[in-house]
Amino acid sequence: MKAMKLYSGGKVYPLSCISNWCITSSLGGSKTMQFDISPQSPEYRLIAEEERIEYDGTYYNIKSINERRTIATVNAEIDLDELKSKIFSTFKYDTISFVQAMSTALDGTNWSVVGAGLVTAKRSFDLTDVTPLDIVNNCTNKTMYNVSFDVDNIRKILNVSVPATLANNVFFSDELNLKELTFKGSSSGFATRLYAYGKDGLSFAKINNGKEYIDNNSYSNKVIAIVWRDERYTKAESLLVDAQEKLKELALPERSYVCEIIDLARLNKIEYSEFYIRLNSVITLIDRRRNKRLEHTVVEIKEYPNEALNNTVTLSTSPEKISRKLIDNTTRINQISTTVDKQPSVWQKAIETATALITGASGGYVVLNPSEKPSELLIMNAPDINTPDINTATKIWRFNMNGFGYSNNGYNGPFPLAMTMDGAIVADFITTGTLNADIIKAGTLQGIKIIATTGSIAGWKMENGVLVSDDGTMKLDSINNTITVNNSDGNKLMTVSKDGIKFWRGDTEIGQTGIRGGDTGQYGLTFDLIDGDAMTWSVYDKSQKVYVNKLRYTESEGLNVSNNFTCNQLFGHDVTDIDLGNGLHAWGYSE
């Protein structure tokens with residue numbers, strides 16, 4: 001296994017006492033690392049923000065440390081600081097090639113680009129106050145050069161890759177290398193008609209039969225129109241080509257799969273080299289649940305160097321949409337802020353209410369108690385006379401060395417709102433924008449929704465939105481509304497869903513029980529044998545401590561009835577028992 005190195009104080013140290021170590025690579029060039037380490041570890045004292053880590057030919061900078069009592073979580077990002085060392089007050093060019101854009105942006109940085117000649121498109125820039133890294137990231141946009149970068153920051157090389165148009169020979173299937181599959185679909189930004197305009201109202205109507213719009217009804221015959229404006233376009237031909245590409249994505253629902261895979265190539269590079277997975281490549285996914293064979297772009301790879309069996313891959317039909325969500329956190333935060341501004345949250349409403357109360361305050365008195373050598377500050381009303389009196393005040397704030405609190409019942413309280421020197425906060429209602437805590441203890445939590453993709457709850461781990469028991473034998477999947485039970489080796493035993501209960505042995509589905517309706521509108525339980533040997537009904541013999549078969553069915557023998565089983569009625573008729581010998585019986589009736 002490759003070693004991880006920590007650079008600290010001008011020296012290099014091996015970093016090995018870690019757990020839950022993963023590296024996430026995203027379309028565009030983003031790469032992050034996360035791991036846990038004990039604060040008692042001798043290596044932990046060397047870890048600090050902005051210290052460098054080296055692993056597998058890549059430098060990372062430590063960006064955050066979340067230390068708790070027994071464990072600390074360290075987050076690091078790929079080191080691209082040298083691409084942020086200068087500022088372009090303006091970066092404005094009309095229709096330049098990708099090679100020209102990269103040459104200008106990287107001038108003086110000692111960085112170079114490999115594979116720039118793969119990109120033939122020409123685009124315009126109109127940027128202000130940007131770094132070389134900002135320009136590089138801008139080039140990954142779909143409406144710019146639509147490239148991705150594999151970053152070699154030790155040799156200072158940006159290796160260019162362009163989106164693949166055809167699937168390679170890598171495929172995912174639960175019969176070979178696919179362990180779990182999570183599907184997400186959304187049509188929130190769906191559109192079938194696109195009006196596009198460039199600089200100064202430029203349209204492509206003259207080269208598009210007089211129409212300022214284009215249609216794409218590959219998925220739906222509905223007419224759902226939107227407008228796209230981009231001042232960078234000065235030529236109708238370029239505007240039309242990119243509008244067609246943009247609408248191609250908008251006219252399909254946004255779909256993504258998170259695939260928990262057996263990463264064959266990383267387990268055995270020689271035997272399974274053809275299964276090596278790369279970002280921006282097209283993978284064939286065999287989704288047997290939906291009976292579909294799909295081709296999707298790889299937009300994220302999460303690797304666990306110490307546990308390759310936990311590797312996951314994210315595929316998407318709309319790589320730019322997904323990769324933007326994975327990479328551009330700043331944009332996402334800005335979008336959230338804009339939404340909050342337009343639709344005030346409970347938190348904002350509480351701020352407005354508090355602001356109105358505080359700024360609208362009138363009257364009241366500030367008193368030092370006692371007047372000589374005071375030990376506390378009082379803010380209170382004076383209901384009886386127009387002078388402050390501790391004995392008659394009803395609404396009062398008390399501030400002293402032990403804390404501060406508010407009471408509606410005078411100087412001696414009680415104080416239902418208080419903050420004390422031991423760190424305790426007493427409140428009837430707390431509104432918060434962000435609540436960050438190592439431990440939350442509560443009697444009742446009402447009206448809340450908890451959303452998480454990672455973490456743990458009382459020994460249950462959260463993995464990609466699925467709750468997994470500490471030993472891995474139970475999985476609660478709220479996305480697909482499924483409960484999965486595995487054995488200690490991780491092999492599936494049973495799944496529970498709206499379709500019923502299914503039973504497994506290894507990769508083979510034995511059978512299932514469920515509810516099925518008849519033609520008359522009546523419903524009942526069904527027992528379906530799919531790939532098992534037999535169905536049996538047994539009774540537990542307490543004296544022998546074994547289960548005794550009472551009724552057994554196989555395809556070869558039919559229905560086999562053992563001792564102590566009687567059948568007196570069949571569809572309301574008296575039944576005739578026919579002894580077939582060798583313990584076999586048959587029943588029937590006549591009208």
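**Packing and pairing in a predicted model**

Author: Helix 3 (residues 236-250) lies across strand 15, strand 16 and strand 17, at about 145 degrees to strand 15. Helices (H or I, at least four residues) and strands (E, at least two) are DSSP runs, numbered from the N terminus. Angles run from 0 to 180 degrees between N-to-C directions, with axes fitted to C-alpha atoms, for helices over the stretch in contact. This is a predicted model, in which local features need pLDDT of at least 70 and side-chain atom pairs count only at pLDDT 80 or more, while totals for chains, interfaces and linings use all residues. Residues are numbered from 1 along each chain as its sequence is written, and side-chain values use heavy atoms, without hydrogens and water.

Reader: What is the order of the strands in the open sheet of 3 strands?

Author: Two strands pair if DSSP finds at least two bridges between them. Strand 15 (residues 193-197) and strand 17 are parallel and share 5 bridges. Strand 16 (213-215) and strand 17 (225-229) are the edge strands, each pairing on one side only. The pairing is mixed, and the order is 16-15-17.

Reader: Which residue in strand 7 is the bridge partner of Ile65?

Author: Strand 6 (residues 58-67) pairs with strand 7 in the antiparallel sense over 7 bridges. A hairpin of 4 residues connects strand 6 to strand 7. The partner of Ile65 in strand 7 is Val74.

Reader: How many residues of strand 7 are buried?

Author: Buried means under 20% relative accessible area, exposed over 50%, and partly exposed in between (1.4 Å probe, protein chains only). Strand 7 (residues 72-78) is mostly covered. Of its 7 residues, the number buried is 5.

Reader: Is Thr495 buried or exposed?

Author: Thr495 is in strand 33 (residues 492-497). Leaving out residues up to four places away in sequence, Thr495 is in contact (heavy atoms within 4.5 Å) with several residues, among them Ile483, Ile501 and Trp504. Because its relative accessibility is 10%, Thr495 counts as buried.

Reader: How many residues does the largest nonpolar core have?

Author: A nonpolar core is a set of buried Ala, Val, Leu, Ile, Met, Phe, Trp, Tyr and Cys residues joined through side-chain atoms within 4.5 Å. In soluble globular proteins, nonpolar side chains tend to be buried together. Among the residues with the most contacts inside the largest core are Phe91, Phe98 and Phe149. Its residues number 28.
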